[in-house]
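Colleague: Please walk me through this fold. I will ask about its parts in turn.

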Amino acid sequence: MLRTFKFCTEFTTTQFLKLSNLQLSTLNDKIENFENVETSFSDGVLNVHLPNGKSFVINRQTPNKQLWYSSPISGPQRFNYVNGKWVNSKQIEIENQLLNEINVLIK
């Protein structure tokens with residue numbers, strides 16, 4: 001079981017890789033519930049392709065211990081692991097950000 005850390009600088013690279021892979025895998029699984037949305041997940045990079053040609057890219061940045069997020073709506077963002085959640089500078093969780101933006105684009 002993975003320990004909860006207060007901030008990403010508190011864990012090792014190995015722990016970061018486990019936490020980031022778990023989050024990316026969870027996002028990939030949740031996106032599979034959307035019709036006609038395709039994903040590919042490999043080597044710490046999750047690509048999300050929507051039927052309208054728009055796409056998202058979420059990838060891990062091991063040296064910074066961050067998840068980097070690229071969106072056709074909100075642009076680039078960085079997510080840090082804080083108090084057991086991946087959040088951006090506005091304290092929005094990465095899962096909420098991605099799923100909300102996908103919903104906006106596929107309506």
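Colleague: Which pattern does the protein chain follow along the sequence?

Modeller: First, note that the model is predicted. The protein chain holds two helices and six strands. Read in sequence order, they give the pattern α-β-β-β-β-β-β-α.

Colleague: What is the radius of gyration of the protein chain?

Modeller: The globule rule gives 13 Å for 107 residues. The protein chain comes close to that, so it is as compact as a globular protein of that length. Its radius of gyration is 13 Å.

Colleague: What box do the C-alpha atoms fill?

Modeller: The box is taken along the principal axes. The C-alpha atoms of the protein chain fill roughly 40 × 25 × 20 Å.

Colleague: Which strands are the edge strands of the sheet?

Modeller: Six strands form an open sheet with antiparallel pairing. Their order is β1-β2-β3-β4-β5-β6. From one strand to the next, the twist averages 20 degrees. An edge strand here pairs on one side only, and the two that do so are β1 and β6.

Colleague: Which residue of β2 stands opposite F41?

Modeller: β1 covers residues 38-42 and β2 covers residues 45-49. They pair in the antiparallel sense over five bridges. E38 stands opposite H49. F41 stands opposite L46.

Colleague: Which residue takes a positive phi in the hairpin of β1 and β2?

Modeller: This hairpin has two residues between the strands. The positive phi is near 50 degrees, and the residue that takes it is D43.

Colleague: How many residues lie between β2 and β3 in their hairpin?

Modeller: β3 spans residues 55-61 and is joined to β2 by five bridges. V48 has F56 as its bridge partner. In the turn, G53 has a positive phi of about 90 degrees. The number of residues between β2 and β3 is five.

Colleague: What is the bridge partner of Q61 in β4?

Modeller: β4 (residues 66-71) pairs with β3 in the antiparallel sense over five bridges. The hairpin between them has four residues between the strands, and K65 takes a positive phi near 55 degrees. The bridge partner of Q61 is Q66.

Colleague: How many residues join β4 to β5 in the hairpin?

Modeller: β5 runs over residues 75-82 and pairs with β4, antiparallel, over five bridges. W68 has R78 as its bridge partner. The hairpin passes from β4 to β5 through three residues.

Colleague: How many bridges join β5 to β6?

Modeller: The bridge partner of V82 is K85 in β6. The hairpin has two residues between the strands, and N83 in the turn has a positive phi of about 50 degrees. β5 and β6 run antiparallel, and the number of bridges is three.

Colleague: Are α1 and α2 roughly parallel or roughly antiparallel?

Modeller: α1 is residues 13-31 and α2 is residues 94-106. Their axes lie 11 Å apart, at an angle of about 25 degrees. Angles under 35 degrees count as roughly parallel. The two helices are therefore roughly parallel.

Colleague: Is the crossing of α1 and α2 left-handed or right-handed?

Modeller: Handedness is a separate point from the angle. The crossing of α1 and α2 is right-handed.

Colleague: How many residues of the contact of α1 with α2 are nonpolar?

Modeller: From α1 come Q23, T26, L27, K30 and I31. They meet I94, E95, L98, L99 and I102 in α2. Two residues of the contact are polar, two are charged, and the nonpolar ones number six.

Note on methods:
Residues are numbered from 1 along each chain as its sequence is written. This is a predicted model: local features need pLDDT of at least 70, side-chain atom pairs count only at pLDDT 80 or more; totals for chains, interfaces and linings use all residues. Side-chain values use heavy atoms; hydrogens and water are left out. Axes are lines fitted to C-alpha atoms, for helices over the stretch in contact, and angles run from 0 to 180 degrees between N-to-C directions. Angles under 35 degrees count as roughly parallel, over 145 as roughly antiparallel, 65 to 115 as roughly perpendicular and the rest as oblique. A crossing is left-handed if the near helix is turned anticlockwise from the far one by less than a right angle, and right-handed if clockwise. Contact means heavy atoms within 4.5 Å. Ala, Val, Leu, Ile, Met, Phe, Trp, Tyr, Cys and Pro count as nonpolar, Asp, Glu, Lys and Arg as charged, and the others, Gly among them, as polar. Two strands pair if DSSP finds at least two bridges between them. The radius of gyration is taken over C-alpha atoms; the globule rule is 2.2 Å times the number of residues to the power 0.38.
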